[in-house]
Amino acid sequence: MRILAAAGLVAFGLVTFGALLGAARAQVDATVDGPRRDATEAVREGAVVIRATTDEAEAAGLVEGFRQLHPGIAVSYAKLNSSKLYEEFLAEAETGRGTADIIWSSAMDLQVKLVNDGMAERHASPEAAGLPPWAVWRAEAYGITAEPVAIAYNRDLLPEERVPRSHADLLRSLTQNPEAWHGKVATYDPERSGVGFLFLTQNLAVTQKTWDMVRALGQAGAKLYTTTTAMLDRVAAGEALLAYDVFGAYALERAKDDPRLGVVLPSDYLLVTSRIAFIPKAARHKAAAGLFLDYMLSREGQVRLAARSVTPSRPDARRPDDPVVTAPNPRPIAVGPELLTSLDQIKRSRTLKQWRRAIEGR
């Protein structure tokens with residue numbers, strides 16, 4: 001009887017082991033076949049449509065890398081400013097006829113609002129494990145980059161001893177010598193730019209002295225813009241001595257070829273912003289969108305961004321000379337619901353009214 005019982009236990013163990021092994025194999029097969037099925041479906045879809053705030057030049061390597069991997073998928077890429085991208089996406093979604101496949105914007109708060117409003121498709125990317133925790137929210141919103149918010153200046157017109165190295169330095173110089181700066185400073189307009197409003201609120205989260213900075217900018221007759229590119233154009237042309245709160249990626253890349261441009265990463269604190277990407281629920285090519293988003297988050301895709309002076313969110317894809325790596329006081333803006341606070345309509349209106357009074361010296 002004991003022999004029979006032992007044999008029964010062995011047989012039961014073998015059956016159980018076989019079942020577990022079969023389940024494990026099935027799980028592995030599902031893991032392997034899932035991407036294969038997605039790729040097959042993506043090729044059948046044949047296209048992926050991206051709407052972004054990132055300049056075509058900065059995204060060119062990323063798009064080309066994807067095309068090389070997936071030659072059967074046509075990539076349509078268009079650049080808009082953050083506010084227009086947000087408004088056009090909402091208008092497209094309201095038609096009920098589908099939307100673009102990837103929405104990729106530097107206006108982090110607006111992106112998080114869209115995700116929070118239920119407009120994003122869940123996509124558990126296998127590449128998410130390579131990202132820092134602050135760059136992922138609910139497997140729906142992904143921070144693709146980790147970029148410094150910088151100060152750009154004209155090397156020919158602004159002597160090195162006058163170049164501010166921190167927010168405090170700039171505030172002191174603007175306050176003590178407003179005439180020397182009058183009409184020669186460029187910065188974002190938070191009323192017309194989603195990114196400008198984001199930078200304003202994030203600076204305020206660090207220090208309430210930001211209002212002193214706004215007043216000083218107004219006293220110096222600062223010119224207001226909706227894009228970093230426009231500000232860098234003015235600085236390079238000598239129409240502005242300095243541009244405050246610009247995308248460091250654009251400034252650093254441009255400074256490689258333009259000796260007139262200098263770039264400072266403020267030493268007292270450095271905002272680190274991210275361009276968030278998500279797949280809309282109403283995307284017309286969801287499988288292709290999933291492939292493209294995975295490529296954006298992959299080490300290869302992130303290295304291609306790094307080649308254009310865009311700091312990737314993946315630490316293992318950053319160049320050794322990346323300025324964010326050695327920044328003394330980086331403050332990454334986390335992808336998550338905290339960004340929604342500044343978008344409360346009453347609070348937003350109050351903040352912009354206070355900004356208008358401060359910039360006008362009232």
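The model is predicted, so local features are reported only at pLDDT of at least 70 and side-chain atom pairs only at pLDDT 80 or more, whereas totals for chains, interfaces and linings use all residues. Residues are numbered from 1 along each chain as its sequence is written, and side-chain values use heavy atoms, with hydrogens and water left out.

**Helix pair H2 and H12**

Two packed helices are described by the angle between their axes and the distance between the axes. Helix H2 covers residues 56-69 and helix H12 covers residues 299-306; helices (H or I, at least four residues) and strands (E, at least two) are DSSP runs, numbered from the N terminus. The two axes come within 7 Å and cross at roughly 150°. Here an axis is a line fitted to C-alpha atoms, for helices over the stretch in contact, and angles run from 0 to 180 degrees between N-to-C directions. H2 and H12 are therefore roughly antiparallel to each other, a term applied to angles over 145 degrees. The crossing of H2 past H12 is right-handed, meaning that the near helix is turned clockwise from the far one by less than a right angle.

On the H2 side, the contact (heavy atoms within 4.5 Å) involves Glu-58, Gly-61, Leu-62, Gly-65, Gln-68 and Leu-69. These meet Glu-300, Gly-301, Arg-304 and Leu-305 of H12. By class, the contact of H2 with H12 has 3 nonpolar, 4 polar and 3 charged residues. In this scheme Ala, Val, Leu, Ile, Met, Phe, Trp, Tyr, Cys and Pro count as nonpolar, Asp, Glu, Lys and Arg as charged, and the others, Gly among them, as polar.

**Salt bridges**

The whole structure contains 24 salt bridges, each defined as a side-chain nitrogen of Lys or Arg within 4 Å of a carboxyl oxygen of Asp or Glu.

| Lys-113 | Asp-117 | 2.7 Å |

Burial is classed by relative accessible area: buried under 20%, exposed over 50%, partly exposed in between (1.4 Å probe, protein chains only). Lys-113 is partly exposed at 25%, and Asp-117 is partly exposed at 44%. Glu-300 and Arg-304 are 4 residues apart in helix H12 and thus separated by about one helical turn; Glu-300 is partly exposed at 40% and Arg-304 is partly exposed at 25%. In the remaining pair, Asp-316 is partly exposed at 36%, whereas Arg-314 is buried at 8%. Elsewhere, salt bridges that share partners join Glu-191, Arg-356, Glu-360 and Arg-362 into one network.

**Individual residues**

Ala-139 is not a glycine, yet has a positive phi of about 55°. Ala-139 lies in the loop between strand E4 (136-137) and strand E5 (141-143) and counts as buried at 13% relative accessibility. Asp-245, also not a glycine, has a positive phi of about 65°. Asp-245 belongs to strand E9 (residues 242-247) and is buried at 7%.

Asn-154 is placed in strand E6 (residues 147-154) and is buried, with 2% relative accessibility. The C-alpha atoms of Asn-154 and Leu-261 are separated by 5.1 Å, although the two residues are 107 residues apart along the chain. Leaving aside residues up to four places away in sequence, Asn-154 touches Val-235, Ala-236, Gly-238, Ala-240, Leu-241 and Arg-260.

How values were computed
Angles under 35 degrees count as roughly parallel, over 145 as roughly antiparallel, 65 to 115 as roughly perpendicular and the rest as oblique.
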